[in-house]
Amino acid sequence: MSQKNVKKTVGIVSNDAGATNLILGWIKNKPNYNFLYCLNGPAKKIFEQYDPNIKSINLENLLTTSSFIVTGTSYPCELEHNARKEAKNKNIKCIAVLDHWVNYKKRFLRNKKIILPDEIWVFDEFAERKASRIFKEIKVVRHKNFYLENSVKKIKAIDKDIYRKGKNILYVLEPIKTNKKYAQLLEFEVLDYFIKNLNKLKIDKFIEIRLRPHPSDPEGKYNKWIVNNETFNITLSSKNTLEEDIAWAEIVVGYDTYALVVASASSRQCFTSKLPNQEKCKIMIR
């Protein structure tokens with residue numbers, strides 16, 4: 001076999017759902033590569049759902065075999081950071097995926113030391129503009145967002161078969177990191193604010209509310225809250241895909257979740273659940 005026909009092996013190192021979904025969309029459209037995986041957290045579950053035969057190997061073995069690596073940029077997860085550090089030491093090209101629009105420098109900082117990748121990948125014009133401004137010495141490449149494109153197609157296909165007897169509201173949950181001390185987790189305070197102000201939507205139909213937990217949420221996290229608000233018609237999404245939940249809904253609510261981007265691209269009415277005294281939602285929607 002000629003050298004030109006030999007497939008390059010790419011190492012994928014990922015932890016959080018955001019970057020994982022974008023990387024997976026890219027992988028599905030790159031048949032000319034072989035892939036190895038070092039996965040943790042929600043990323044492992046997402047890849048196993050895509051292909052049950054995918055096996056996660058340790059970082060050392062992945063780096064030994066890979067021509068270059070593509071990592072997520074979770075914080076404060078150490079896996080991807082360590083991968084970038086070791087790739088630098090071994091002179092292996094390292095690419096980092098920015099999946100959101102916040103904390104760009106912080107993603108690469110651990111113990112007061114910044115380790116930057118050789119290249120940064122983004123998937124929309126807002127991220128490209130911001131990353132290019134912040135990381136002037138690093139190549140920033142904007143890729144087509146296959147994840148978003150495919151999600152919208154699935155939602156539109158499912159939407160045709162949905163029957164709604166009232167107004168369906170999907171609330172997409174996420175753990176909310178904060179430096180402040182709260183009597184309860186901030187995600188519950190935000191949920192309480194949403195319920196107390198539901199009447200401001202001025203919906204005159206029967207309302208159904210579906211809560212969609214974050215992939216990192218422990219099972220049963222929101223059960224007590226649902227019971228405490230039993231006067232509302234609230235259910236918990238369990239085995240549905242994000243596309244199925246968005247297709248079910250006419251309104252989608254979230255704090256700072258990328259799901260709002262998917263919902264907006266699918267022509268859903270979107271609201272942020274941020275509290276009045278908080279900074280504005282950082283989600284960039286066209």
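**Exercises on a parallel sheet and its surroundings**

In this predicted model, Ile169 stands opposite Ile251, a residue of strand E12.

**Exercise 1.** Determine the strand order of the open sheet and find which strands stand at its edges.

*Solution.* Step 1: the pairing of E9 with E12 is parallel and runs over four bridges. Step 2: the open sheet has five strands, in the order E11-E10-E9-E12-E13, with parallel pairing. Step 3: E11 and E13 (269-272) each have a single partner strand, so these two are the edges, and one side of each lacks a neighbour in the sheet. On average, neighbouring strands are turned by 25° against each other, direction ignored.

**Exercise 2.** Describe how helix H7 (residues 186-196) is placed on the sheet.

*Solution.* Step 1: H7 touches E9, E10, E11 and E12, and its direction makes about 165° with that of E9. Step 2: the buried residues of H7 are Leu186, Glu187, Phe188, Val190, Leu191, Phe194 and Ile195. Step 3: besides strands E9, E10, E11 and E12, these buried residues pack against helix H8 (223-228).

**Exercise 3.** Classify Asn168 and Leu109 as buried, partly exposed or exposed.

*Solution.* Step 1: Asn168 belongs to strand E9 (residues 167-172). Its relative accessibility is 1%, and buried means under 20%, so Asn168 is buried. Step 2: beyond neighbours within four places in sequence, Asn168 contacts Glu208, Trp248, Ala249, Glu250 and Ile251. Step 3: Leu109, in strand E5 (residues 109-110), has a relative accessible area of 31% and is therefore partly exposed. Step 4: together with Ile114 and Leu116, Leu109 makes a nonpolar surface patch of about 220 Å².

Key. Residues are numbered from 1 along each chain as its sequence is written. This is a predicted model: local features need pLDDT of at least 70, side-chain atom pairs count only at pLDDT 80 or more; totals for chains, interfaces and linings use all residues. Side-chain values use heavy atoms; hydrogens and water are left out. Patches are made of residues with over 30% relative accessible area and no salt bridge: like charges are joined within 9 Å, nonpolar side chains (Val, Leu, Ile, Met, Phe, Trp, Tyr) within 5 Å. Accessible areas come from the Shrake-Rupley method with a 1.4 Å probe; for residues, only the protein chains shown count as cover. A salt bridge is a side-chain nitrogen of Lys or Arg within 4 Å of a carboxyl oxygen of Asp or Glu. Buried means under 20% relative accessible area, exposed over 50%, partly exposed in between (1.4 Å probe, protein chains only). Contact means heavy atoms within 4.5 Å. Two strands pair if DSSP finds at least two bridges between them. Axes are lines fitted to C-alpha atoms, for helices over the stretch in contact, and angles run from 0 to 180 degrees between N-to-C directions.
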